[in-house]
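The entries below follow the order in which I checked them.

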Amino acid sequence: MKFINTHSHVYSKEFDADREKALQRAADAGIIRIVLPDIDAAHRRDILAVCKAHKQLCVPLIGIHPTAVNENYKTELKEFDKAVQKQKPIGIGEIGVDLYWNTTFKNEQREVFLHQMRYALANDLPVVIHVRNAFDEIFELLESFDTSTTLSNQNNFKGIFHCFSGNYEQAQKVIAMGFYIGIGGVVTYRKAGLDKLVTHLPLEHIVLETDDPWLMPIGCKARRNEPAFLLTVAEKVAECKKLPLSEVARITTENAMSVFSL
């Protein structure tokens, strides 16, 4: 069986001691691609270095994470513009709006999100969207694009709502807009309710992720989450959907390959 991990921060400092071994464990688990989302200019060099060293396994995105947006956001946008021109990424991410920890830069987050969405639409690139306590805001921003123009056509939306935390109605809206639902370790958390949501979502609209080193699936005995634990996520999805693991692997891998044109 082959899998694609659509969201891993294996470039983070938590892996400095054993990154090579963690990546080998992922490959041994059948993971053929690991997508590494960007955070900001300070992290970008590490992301690109890991991807360069593991070209056959790791692929980078370019983007500005909403929690990285602060008073220096205009400088970050300039660095983003330089990076996308130089790197020609397969997608833009992770981008979005996060109002969980701090709402100080809410307006700036919106501006940064729109800037990156415009680039993605103009260049026919998928986006990986981070949403926390901000589904209404994200839907408003996406709906603000003028569907009468070729450049900003809602039908051109493609990408992933990463680490999905919404309800069934929000999931249906995400799918109707053309996005996939990113499912990770939270699906194994009993109180989260994501497992119940997954039972009602078509597998054709789901991709798998770990978001490591955070959100470790229940049942994985380790000091931190890692890319190989995608297999535990896949097993839980298979249980929810009452499907063979091989079918979950096949369909979610096809979904990931499609959205990122891998």
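Predicted model: local features only at pLDDT ≥ 70, side-chain atom pairs only at ≥ 80, totals over all residues.

**Second largest pocket.** I sorted the lining of the second largest pocket by class and got three nonpolar, one polar and five charged residues. I recorded H3 as the source of the largest share, five residues.

**Largest pocket.** I then turned to the largest pocket, which holds about 600 Å³ of space. I listed 22 lining residues, and those nearest the centre are His-130, Arg-132, Cys-163, Asp-211 and Leu-215. Two or more lining residues come from each of strand S4 (92-98) and strand S5 (127-132). S5 gives the largest share, three residues. By class I found 10 nonpolar, eight polar and four charged residues in this lining.

**Cavity.** How many cavities of 30 Å³ or more does the structure hold? I found one. I put the volume of the largest cavity at about 40 Å³. The residues around the largest cavity are Met-117, Ala-120, Leu-121, Leu-125, Val-127, Asn-156, Phe-157, Lys-158 and Phe-179. Sorted by class, its lining has seven nonpolar residues, one polar and one charged. Helix H4 (residues 106-122) contributes the largest share of this lining, with three residues.

**Sheet S1-S2-S3.** Last, I looked at an open sheet of three strands, which run in the order S1-S2-S3 with parallel pairing. I marked strand S1 (3-5) and strand S3 (58-60) as the edge strands, each pairing on one side only. Neighbouring strands in this sheet are turned against each other by 20° on average, with direction ignored. I counted three bridges in the parallel pairing of S1 with strand S2 (residues 31-36). Which residue of S2 is the bridge partner of Phe-3? I found Ile-31 there. I also noted that helix H8 (residues 230-241) packs on the sheet and touches S1 and S2. The direction of H8 makes about 115° with that of S1.

Notes
Residues numbered from 1 in each chain as written. Heavy atoms only, no water. 1 Å grid on protein atoms, 1.4 Å probe; cavity = no way out; pocket = protein on both sides within 12 Å on 5 of 7 lines; lining within 4 Å. Points joined across faces, edges and corners; volume = space filled by probe spheres on them. Helix = DSSP H or I, 4+ residues; strand = E, 2+ residues; numbered from the N terminus. Nonpolar A, V, L, I, M, F, W, Y, C, P; charged D, E, K, R; others polar. Pairing = 2+ DSSP bridges. Axes fitted to C-alpha atoms, helices over the stretch in contact; angles between N-to-C directions. Contact = heavy atoms within 4.5 Å.
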